[in-house]
Amino acid sequence: MDMQKGTPQDHEIVLSVEDLTVGFGSKVILDQLSLDVRRGEILGFVGASGTGKSVLMRTVLRLLPRRSGTIRILGQDYDQLSEAERTALDMRLGVLFQHGALFSSLTVKENIQLPMREYLDLPQKLMDELAHLKIALTGLAPDAADKYPSELSGGMIKRAALARALALDPDLVFLDEPTSGLDPIGAAEFDELIAQLRDTLGLTVYMVTHDLDSLFSVCDRIAVLGKKRVLVEGTVEDMLAFDDPWVQSYFRGKRARSIVRTEDARP
Ligand SMILES: Nc1ncnc2c1ncn2[C@@H]1O[C@H](COP(=O)(O)OP(=O)(O)OP(=O)(O)O)[C@@H](O)[C@H]1O
């Protein structure tokens, strides 16, 4: 499909959240939040610590219950689906949780094959070939296949976790702070990999991040969580123009200024 940015035909919505409310006891975390993610984009999702970024991602993935609201993934509403249809939809999603979450007792190859075992019934030889393919796709050396997570660097663990997220060739991937814990070079390389995979595989990427470099370098659009909903979504320019103290200090703060040069940025 046409992956050109900014043209109206890209605006097929692959994740649509409407009026979502989530709370725990008397505490409301998300209040009538709405958000759209478009096919083929890398959406960066930011917000102050504790505002509910993980809660939103987990609710979208049905790991947390919601009080009200509608969530449509790839045009489908889980509530309207049969069990078999839900499983089919789950297979089109890939997830990289914040700390990589690889099983330490399994090798990289076995970790990547977990979703295949869960959802597919494939011969071992084919699963091995697929795992090697994902390993190559994420820039890991072939010998990483038989290593255990404890034998890998932080950057390699992220790549292995990404390879696992891609195990079933998903359409939409959720990444929770994928570059956290990486040094700036490792983080930049990982960002580059994500952009490359989006281009070659036609992925849509929903990325929770605190990493300003990622936001400025690979995200097509940014959504900011605040006041229990999406305060603003759009480009970096939209963020810079948005009148909210947190958004202003985040995108115009000292760290941001050292990354992006805008006409308003002062050294
Ligand atoms: N299972 C739960 N039960 C009760 N409260 C929860 C639960 N999960 C999250 N919360 C609360 O929801 C709020 C939002 O948490 P969340 O982890 O989504 O924040 P976040 O934006 O992802 O933060 P960070 O950037 O620090 O990761 C927090 O106040 C947290 O304590």
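**Ligand shell and helix packing in a predicted model**

Me: In this predicted model, which residues surround the ligand?
Reply: The shell is drawn from one protein chain in a predicted model. Those that surround the ligand are F24, I29, G47, S49, G50, T51, G52, K53, S54 and V55.

Me: Which element gives the largest share of the shell around the ligand?
Reply: The shell around the ligand divides by class into three nonpolar residues, six polar and one charged. By element, three residues make up the largest share, and these come from residues 53-60, that is, helix α1.

Me: Is α3 roughly parallel or roughly perpendicular to α5?
Reply: Two packed helices are described by the angle between their axes and by the distance between those axes. For helix α3 (residues 108-119) and helix α5 (residues 154-165), the angle is about 30° and the axes lie 8 Å apart. Since angles under 35 degrees count as roughly parallel, α3 and α5 are therefore roughly parallel.

Me: Which residues of α5 make the contact with α3?
Reply: The crossing of α3 and α5 is right-handed. On the α3 side the contact is made by V108, N111, I112, L114 and P115, and on the α5 side by A160, A163 and R164.

Me: How many residues of the contact of α3 with α5 are nonpolar?
Reply: The residues of this contact divide by class, with one polar and one charged among them. The nonpolar residues of the contact of α3 with α5 number six.

Me: How is α3 oriented to α4, roughly parallel or roughly perpendicular?
Reply: The axes of α3 and helix α4 (residues 124-137) come within 9 Å and cross at roughly 115°. Because angles of 65 to 115 degrees count as roughly perpendicular, the relation of α3 to α4 is roughly perpendicular.

Me: Which residues of α4 does α3 meet?
Reply: α3 passes α4 in a right-handed crossing, and the contact has seven nonpolar, one polar and three charged residues. From α3, V108, K109, I112, Q113 and M116 take part, and they meet M127, D128, L130, A131, K134 and I135 in α4.

Me: Where does pLDDT stay under 50, with ten contacts beyond four places in sequence?
Reply: The protein chain has a mean pLDDT of 88, with 91% of its residues at 70 or more. Where pLDDT is low, the predicted coordinates should not be read in detail. The stretch asked for, with pLDDT under 50 and ten such contacts in the model, is residues 1-6.

Key
Residues numbered from 1 in each chain as written. Predicted model: local features only at pLDDT ≥ 70, side-chain atom pairs only at ≥ 80, totals over all residues. Near = placed C-beta within 6 Å. Helix = DSSP H or I, 4+ residues; strand = E, 2+ residues; numbered from the N terminus. Nonpolar A, V, L, I, M, F, W, Y, C, P; charged D, E, K, R; others polar. pLDDT = per-residue confidence, 0-100. Contact = placed C-beta atoms within 7 Å. Axes fitted to C-alpha atoms, helices over the stretch in contact; angles between N-to-C directions. Parallel < 35°, antiparallel > 145°, perpendicular 65-115°, else oblique. Left-handed = near helix turned anticlockwise from the far one by under 90°.
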